[in-house]
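Here are my notes on the model, point by point. Please read them with the structure open.

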Amino acid sequence: MKDKQSKASKRKMNAEISHALMSDMERVEWFLATYWRPIAGLGIAAAIAVTLFFWGKSFAEAGQREGNYVLADAKTVEALNAALAKHGSNPGAPFARYRLAQLKIAAKDYAGARQELEAVAKDKPAEPLYGQALLGVAYLYELENNLESAAARFDEIGRTAGLASNVTAEADANAGRVYLALKKLDEAANVLRRIGTDAYQPDRQSTANWCDMARSLLLALENGEYGPYKPAAAAQK
């Protein structure tokens, strides 16, 4: 009995000594030979998971690249409509839709162009596209002779936080201009005065130009060029 235990202990010790003397590569080979079944199972599962991940990523990137090319290559109303129908969720879709609106404006399809710009604005793309889409909607209402909606949109844009100063300055100046055309003198005065507040920092020349336009319109209003008007009646800011 003792001999059997002694032999077993000796074999165990020899195995441990042999394992300790193995090179790194031999140790790896021994580990794989001993535990090949669970390793094989885990390896296959991991390989499948990695393959599926990269296949999905590659497929998505390939689809996006294809969408980029299709949207960029579309040059006509028909081609852009077809491209947007297939790749409407592509990051480049708002830019393509903006180009589509420009083509519709050139064709005097103002209502159709306005719908495209409304869709661009709804997606809230990065500046300057977002601000230009918002302003475009207001200008198109004016081109459609819907001055009430144009003034309201310009006014709303001017009060929207987070937009670039040149966008809000342009909106306020044009809101005042359209309110004057509607003979809504109090509304015009209020919005034109807003452009002169501390919220406007003329950080670019275009902002300063719109501010100058607003001041000129307000001065003309207060001098009676748009009809009888008492400045105190619109002293709100």
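1. Burial. Of the 237 residues in the chain, 32% are buried. This is a predicted model, and every value below is computed from it.

2. Overall make-up. The chain has eleven helices and zero strands. Along the sequence the pattern reads α-α-α-α-α-α-α-α-α-α-α.

3. Contacts along the sequence. Take the contacts between residues at least 6 apart in sequence. Of these, 49% join residues at least 24 apart.

4. A helix pair to look at. Helix H5 covers residues 93-106, and helix H7 covers residues 129-143. Their axes come within 11 Å and cross at roughly 25°. Angles under 35 degrees count as roughly parallel, so H5 is roughly parallel to H7. The crossing of the two helices is left-handed.

5. What lines that contact? From H5 come Pro94, Phe95, Tyr98 and Ile105. From H7 come Leu129, Gln132, Ala133 and Leu140. By class, the contact of H5 with H7 holds seven nonpolar residues, one polar residue and no charged ones.

6. Helix H6 spans 110-123, and Pro128 sits in the loop between H6 and H7. Check the peptide bond between Glu127 and Pro128: it is cis. Its omega is about 5°.

7. Is Lys124 buried or exposed? Its relative accessibility is 60%. The cut-off for exposed is over 50%, so Lys124 counts as exposed.

8. Lys183, another positive phi. Here phi is near 65°, again in a residue other than glycine. Where does Lys183 lie? It is found in the loop between helix H9 (165-181) and helix H10 (185-194). At 56% relative accessibility, Lys183 counts as exposed.

9. Places to view. For packing, go to the residues where H5 meets H7, including Phe95 and Leu140.

Technical notes: Residues numbered from 1 in each chain as written. Predicted model: local features only at pLDDT ≥ 70, side-chain atom pairs only at ≥ 80, totals over all residues. Heavy atoms only, no water. Axes fitted to C-alpha atoms, helices over the stretch in contact; angles between N-to-C directions. Helix = DSSP H or I, 4+ residues; strand = E, 2+ residues; numbered from the N terminus. Parallel < 35°, antiparallel > 145°, perpendicular 65-115°, else oblique. Left-handed = near helix turned anticlockwise from the far one by under 90°. Contact = heavy atoms within 4.5 Å. Nonpolar A, V, L, I, M, F, W, Y, C, P; charged D, E, K, R; others polar. Buried < 20%, exposed > 50% of the residue type's maximum accessible area, 1.4 Å probe, protein only.
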